Amino acid sequence: MTSDLPNLPSAYQLKVVLTDSEPEIWRRILVPQNITLAQLHQVSQQAMGWENLHDYRFQIGLASDKVECSPQQSISEVLASAQEKTFYYTYDAASGWLHRIEAEALEVKLIDQSTSASEAFVLPVCIDGAMACPPEGTGGVWGYDDFLDRLEDPNDPDYLTLIEKYGAFDPDAFDVSVATARLQQV
C-alpha cells in the first residue's frame, strides 16, 4: 500500500561521462527535476569523486554553437533547450575535465505499488558507474593517462612520491554504494 508514501519529486536519470576517457569513466545518477545547475555541480562532484577545488561551468553544445548556462538555471530549462537532451559540464577549466551529461530518462518512476516509505529513494542517488575518478591535479585526461603510466613505472624518478601520495590507486575501482553515500551528504 502506498498511501503512507511521501510526495516524491519527479526525477531525471542522467549519465555523466568524462569525455575522452578510455576506458570511459561515467556515473548514472537520479536527480530531482527541479535541481539547479549549481546543485548539479555539487551532485556531479560527489558522484564522480572530485574534491570541488576548482571552477566549473555548464554549456549547451560545443565549439562555435555553444551556449553558456547560468548556475541558477534549472536542469529542466537546460534540457528544454538542449538538442538530443545532452549538455556539458566543465570542471577545472585549466585541466579541461569536460563531462557530457545525457538525460537518459525524463520521468523516472521512483517507487512501485510494493514500495514502502522506508524503501523510497532519497535523491540524489548514484545507480551505476564505471572506473575511478582521476585524482585532482593530474592535468586533464591526457595528464591522467601519463599519471597512470608513471604510477606503474618503478623507474620513474617520482615513483616513490606518487606511491606515497596516491597509495594503491586502482583506476578500475568504482563502488556505487560509496558514490551514493557521498551524494546523501549533498
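**Exercise 1.** Find the distance from lysine 15 to the ring centre of tryptophan 26.

Solution. This is a predicted model. Go to tryptophan 26 and look at the face of its ring: lysine 15 lies over it. The distance to the ring centre is 4.7 Å.

**Exercise 2.** Classify the aromatic pair of tyrosine 144 and phenylalanine 169.

Solution. 
- Step 1. The structure holds ten aromatic pairs.
- Step 2. Tyrosine 144 sits in helix H3 (residues 140-151), phenylalanine 169 in the loop between helix H4 (159-166) and helix H5 (176-183). The pair therefore ties together parts 25 residues apart in sequence.

**Exercise 3.** Decide whether tyrosine 144 and phenylalanine 169 are buried or partly exposed.

Solution. Buried means under 20% relative accessible area. Tyrosine 144 has 6%, so it is buried. Phenylalanine 169 has 21%, so it is partly exposed.

**Exercise 4.** Classify the pair of phenylalanine 147 and phenylalanine 169, and place its residues.

Solution. 
- Step 1. The ring centres lie 5.8 Å apart, with the planes at 70 degrees, so this pair is edge-to-face.
- Step 2. Phenylalanine 147 is in helix H3 and phenylalanine 169 in the loop between H4 and H5. The pair links distant parts of the chain, 22 residues apart.
- Step 3. Phenylalanine 147 has 5% relative accessibility, so it counts as buried.

Note on methods. Residues are numbered from 1 along each chain as its sequence is written. This is a predicted model: local features need pLDDT of at least 70, side-chain atom pairs count only at pLDDT 80 or more; totals for chains, interfaces and linings use all residues. Side-chain values use heavy atoms; hydrogens and water are left out. Rings of Phe, Tyr and Trp (its six-membered ring) pair if their centres lie within 6.5 Å; planes under 30 degrees apart count as stacked, over 60 as edge-to-face and the rest as tilted. Helices (H or I, at least four residues) and strands (E, at least two) are DSSP runs, numbered from the N terminus. Buried means under 20% relative accessible area, exposed over 50%, partly exposed in between (1.4 Å probe, protein chains only). A charge sits over a ring if NZ of Lys or CZ of Arg is within 6 Å of the ring centre and within 35 degrees of the ring normal.
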